[in-house]
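Morning, everyone. Please have the sequence and the model open while I talk. I'll go through a few spots one by one.

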Amino acid sequence: METIIVLTFVLGYLAITLEHNLKIDKLIPALLMMAICWAIIALGIDAFPHWFDSAEHHLMEAFGTLGHEAKIELMEETLLHHLGKTAEIVVFLLGAMTIVEIIDYFDGFSTIKGYVKTKSKRRILWMFGFLAFGLSAIIDNLTATIVLISILQKIIKERELRIWFAGLIIIGANAGGAWSPIGDVTTTMLWIGKKVSSGHLFVYLFLPSLICMVVPTFIASFLPIFKGEIEEEETEDKPKNRFSSTMLYLGLGGIVSVPIFKTITHLPPYVGMMLALGVVAIFAEIYSSTRFSITQAEGEGNDYEGHHSPVHHSLSRIEMPSILFFLGILMAVAALESLGILFEFAQSLQANTPMLGTELHHAGVSDLVVLLLGVGSAVIDNVPLVAASLGMFSEPMDNELWHFIAYSAGTGGSMLIIGSAAGVVAMGMEKIDFFWYLKKISWLALVGFLAGAITFMFTRTIF
């Protein structure tokens, strides 16, 4: 039964990668493999010897001794647990994307466009690289990617060039999220699980993460695509929205406030994002009504877009296929995690991989195992792999092992477009082809990943 589920996942994954060849939207195989995997689990629940308790991060060896009804009840609880965790990300994503669309409704990103004085592609590349690295540490890599690609769409009209920038933004955002306790889901898991502290995380990972971003950006800056200047298109001059700057700062301020809200209240990030959306939406409605009233007073007619709700308009522009794809792929991976398949995969890496380099304390886990976990996070979602490592290793808080896992899991996903939340969002926003990314960006991400890993191995001997 496990073989059938793994095969279903592999075929679904293959269909996602061949989206453009098959002419089938990636959300369809994602949703199908999610439903089929869980249906097989439900129908063959008595045939599975193990079950992974995601809440406690350990493998239930006594699962086979439970009765049928108890197994069904446990499966339903696990499914609800994973749906809850996935819904947290999806609702957070919906809130962030809606705020970005509200800012765009008021033409807020034109304010940032005015700040970008240079037309040099290389300078803009470095600018967005450092913005992705810094912003992702503050507002997490997922939200940083949404914001930066939205800005990019206003600055660069040529799609072929823009998706190159988007690829480097993914690398920068994942690298920036690795050294911050709120920058990436996996780093947050290790932080909440009392495996790493924010101070040691910065000391261990800031430099390796910076190298992981700088090296690919440096190499890319010499590629022909980034030579010369951006060509400006002839566009009609339209009057700037009087509220554009206000809505830009209000929207970005709301997003930045989310980690602060989480720190103060200890509530999940999506609650803070809903609060931020509510506040931004209030001002959006007020400003929209004000603008419409002014337009009416000036006798400019009734067809002005301001009389429509900016919140409803923004919600209608959200990329729902990307949201559903996110739901499908995460819940499909959750099926593999629940059966202990990912846990056993991680254990087999530890048992069968020959020692390479310096052994880490206590368990003697080799560097190669952690690096392979990073590579694995590009193929399979990094969240269950880190969850498996939490149950596998017993090293104390701030042991170098946990920091290396945080780095590998956080940055390894950049090697494939669907290997990280930032990549999945960028794929949806810019319709980036899986194989285009594999051919053009993956090797840059790999070089950056290895350069950062080598830096980590060097710096840990100092700290």
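Is Ser 289 buried, partly exposed or exposed? Before I answer, one caution: this is a predicted model. Now find helix H12, residues 269–297, because the DSSP run with that number is where Ser 289 is found. Ser 289 has a relative accessible area of 43%. Buried would need under 20%, and exposed would need over 50%. So Ser 289 is partly exposed. Now look across to Pro 310. Ser 289 and Pro 310 are 21 residues apart along the chain. Their C-alpha atoms are separated by 9.7 Å.

Compare that with Thr 98. Thr 98 is found in helix H4, residues 68–105. Its relative accessibility is 1%, so Thr 98 counts as buried. What lies 2.6 Å from a polar atom of the Thr 98 side chain? The backbone oxygen of Leu 94.

Next, salt bridges. Here is the idea behind them. Side chains of opposite charge can pair when their charged atoms come close. How many salt bridges does the structure hold? It holds 5. I'll show you some of them.

Start with Lys 71 and Asp 46. Their side chains meet in a salt bridge, at 3.9 Å from N to O. This pair links distant parts of the chain. Lys 71 is in helix H4, while Asp 46 is in the loop between H3 and strand S1. The two are 25 residues apart. Check the accessibility on each side. Lys 71 has a relative accessible area of 4%, so Lys 71 is buried. Asp 46 comes in at 46%, so Asp 46 counts as partly exposed.

Now Arg 162 and Glu 430. This salt bridge has an N to O distance of 2.7 Å.

One more bridge: Arg 460 with Glu 400. The closest N and O atoms are 3.9 Å apart. Arg 460 lies in helix H21 and Glu 400 in helix H18, so the pair ties together parts that are 60 residues apart in sequence. Arg 460 is buried, and so is Glu 400.

We move to aromatic rings. The structure holds 18 aromatic pairs. Take Trp 126 and Phe 130 to begin with. Their ring centres are 6.0 Å apart and their planes are at 25°, so the pair is stacked. Remember the cut-off: stacked means planes under 30 degrees apart. Both residues belong to helix H6, residues 121–139. They are 4 residues apart there, which means they are separated by about one helical turn. Trp 126 is partly exposed at 24% relative accessibility. Phe 130 is partly exposed too, at 43%.

Back to H18 and H21. Phe 404 and Phe 456 form another stacked pair, 4.6 Å centre to centre, with 15° between the planes. Phe 404 is in helix H18, residues 400–412, and Phe 456 is in helix H21, residues 442–462. That puts them 52 residues apart, in distant parts of the chain. How accessible are they? Phe 404 has 0% relative accessibility and counts as buried. Phe 456 is buried as well, with 0% relative accessible area.

Rings also group. Phe 133, Trp 179, Phe 202 and Phe 206 form one aromatic cluster. The charged end of Lys 26 sits over the ring of Phe 325, 5.6 Å from its centre.

Last stop: the surface. Which residues make the nonpolar patch of about 410 Å²? Leu 22, Ile 24, Ile 28, Leu 32 and Ile 36. Helix H3, residues 27–43, gives the most to this patch, with 3 residues. Zoom in on Ile 36, which is found in helix H3. At 39% relative accessibility, Ile 36 counts as partly exposed.

That's my tour. Questions, please.

Methods. Residues are numbered from 1 along each chain as its sequence is written. This is a predicted model: local features need pLDDT of at least 70, side-chain atom pairs count only at pLDDT 80 or more; totals for chains, interfaces and linings use all residues. Side-chain values use heavy atoms; hydrogens and water are left out. Rings of Phe, Tyr and Trp (its six-membered ring) pair if their centres lie within 6.5 Å; planes under 30 degrees apart count as stacked, over 60 as edge-to-face and the rest as tilted. Buried means under 20% relative accessible area, exposed over 50%, partly exposed in between (1.4 Å probe, protein chains only). A charge sits over a ring if NZ of Lys or CZ of Arg is within 6 Å of the ring centre and within 35 degrees of the ring normal. Patches are made of residues with over 30% relative accessible area and no salt bridge: like charges are joined within 9 Å, nonpolar side chains (Val, Leu, Ile, Met, Phe, Trp, Tyr) within 5 Å. Accessible areas come from the Shrake-Rupley method with a 1.4 Å probe; for residues, only the protein chains shown count as cover. A salt bridge is a side-chain nitrogen of Lys or Arg within 4 Å of a carboxyl oxygen of Asp or Glu. A polar contact is a pair of N or O atoms within 3.5 Å; within protein, one must be able to donate a hydrogen and the other to accept it, and residues adjacent in sequence count only if both atoms are side-chain atoms.
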